[in-house]
Amino acid sequence: MKDDRQQYHPPMCASMMLELRENKNELIFDCEHKLNTQPNSVDFMAIKPDGVKVKSGLGAIFKKVNMMEYKSPVSAIGKRVYYRTMAYVGLYIAYEKEDNQPEDFTITFIRDRKPESLMAYLQGRGYEITEYEAGIYHVRQKGHIDIQIIVTRLLGEQYKWITKLTDRLERSDIVPMLEEMGKLEDAQDLLHAESVWNLIVQLNKEKEWIKELIGMGALRDLFQEEFDKMNTKIVEQDTKISELENELQNRDEQLQCDKKEISRLREIIRKLEQNSQASVW
């Protein structure tokens with residue numbers, strides 16, 4: 001069994017990039033961002049240039065540097081995670097961007113279930129917690145770094161990716177995601193979608209509906225070579241038809257030229273015959 005970071009974090013990064021893809025040409029994404037040379041890394045970061053308005057509600061709180069910590073359904077978010085993530089802000093400023101100030105940062109905690117103990121602890125320290133949207137909580141206190149807590153199982157239907165990193169899925173839960181996947185055209189978006197899908201399969205592999213979908217995929221792959229061959233034949237036939245059409249057009253043009261030449265020669269013969277008859281008389 002892979003550890004939490006190996007199993008969940010790459011698909012989490014992929015799902016967040018898909019959720020925020022309307023701003024993908026403006027935001028700068030960084031997964032597993034290493035801090036200095038020590039084994040400390042931020043799960044996911046989004047750097048927002050000045051003036052960019054993030055369209056997804058998941059990024060409504062964003063400032064300049066936005067750090068995200070993700071915990072799998074079996075992991076907790078408590079005081080230790082909170083203080084470690086706060087320390088990442090200091091490490092980032094110390095080792096990378098000394099011109100940044102704490103007010104340039106936001107911290108996001110992402111988990112399947114509501115971290116009740118952490119939220120109670122923050123409220124006890126004077127933070128005000130407001131529900132921005134279903135499943136998105138903004139946590140603020142004057143003079144402190146802005147925080148948001150995302151509870152994925154409570155998010156609205158518009159969030160089709162980050163909500164799927166769980167073993168609690170049924171077939172109906174992923175239909176909107178599969179429909180959205182079918183609309184993707186960008187190669188990088190498709191790779192991110194594949195990462196999310198692979199985790200879904202891994203977490204739900206014992207369910208009959210996932211076995212059926214896997215089987216459909218295997219069937220498609222089984223006949224992919226034949227589909228490719230058929231497509232090649234179609235392309236070759238189209239090329240031959242185009243060549244024949246060009247040849248027929250050339251022949252038609254040549255035929256028209258021949259007809260004109262025959263008419264010209266007939267006219268010459270007719271005139272010669274007329275001249276010959278005139279000279280006899």
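Is Glu180 buried or exposed in this predicted model? Glu180 counts as buried, because its relative accessibility of 17% falls under the 20% cut-off.

**View A. Glu180 and Arg21 meet in a salt bridge.** Look for the side chains of these two residues, with 2.5 Å from N to O. Glu180 belongs to helix α4 (residues 171-183), while Arg21 sits in the loop between α1 (4-19) and β1 (28-34), so this pair ties together parts that are 159 residues apart in sequence.

**View B. Asp186 and Lys24 form a salt bridge.** Here the N to O distance is 3.5 Å. Asp186 is in the loop between α4 and α5 (187-203) and Lys24 in the loop between α1 and β1, so the pair links parts 162 residues apart in sequence. Asp186 is partly exposed at 33% relative accessible area, and Lys24 is partly exposed too, at 29%. Keep an eye out for Asp189 as well: Lys24, Asp186 and Asp189 are linked in a network of salt bridges.

**View C. A salt bridge joins Arg153 and Asp112.** Their side chains meet at 2.8 Å, N to O. Arg153 lies in the loop between β7 (146-151) and α4, and Asp112 in the loop between β4 (105-111) and α3, so the pair ties together parts that are 41 residues apart in sequence. Arg153 is partly exposed, at 41%, whereas Asp112 is buried, at 6%.

**View D. Helices α2 and α3 pack at an angle of about 65°.** The axes of α2 (residues 79-95) and α3 (residues 116-124) are 9 Å apart. Lys79, Tyr82 and Tyr83 of α2 meet Leu118, Tyr121 and Leu122 of α3. This contact has five nonpolar residues, one charged residue and no polar ones.

Terms used:
Residues are numbered from 1 along each chain as its sequence is written. This is a predicted model: local features need pLDDT of at least 70, side-chain atom pairs count only at pLDDT 80 or more; totals for chains, interfaces and linings use all residues. Side-chain values use heavy atoms; hydrogens and water are left out. Axes are lines fitted to C-alpha atoms, for helices over the stretch in contact, and angles run from 0 to 180 degrees between N-to-C directions. Helices (H or I, at least four residues) and strands (E, at least two) are DSSP runs, numbered from the N terminus. Contact means heavy atoms within 4.5 Å. Ala, Val, Leu, Ile, Met, Phe, Trp, Tyr, Cys and Pro count as nonpolar, Asp, Glu, Lys and Arg as charged, and the others, Gly among them, as polar. A salt bridge is a side-chain nitrogen of Lys or Arg within 4 Å of a carboxyl oxygen of Asp or Glu. Buried means under 20% relative accessible area, exposed over 50%, partly exposed in between (1.4 Å probe, protein chains only).
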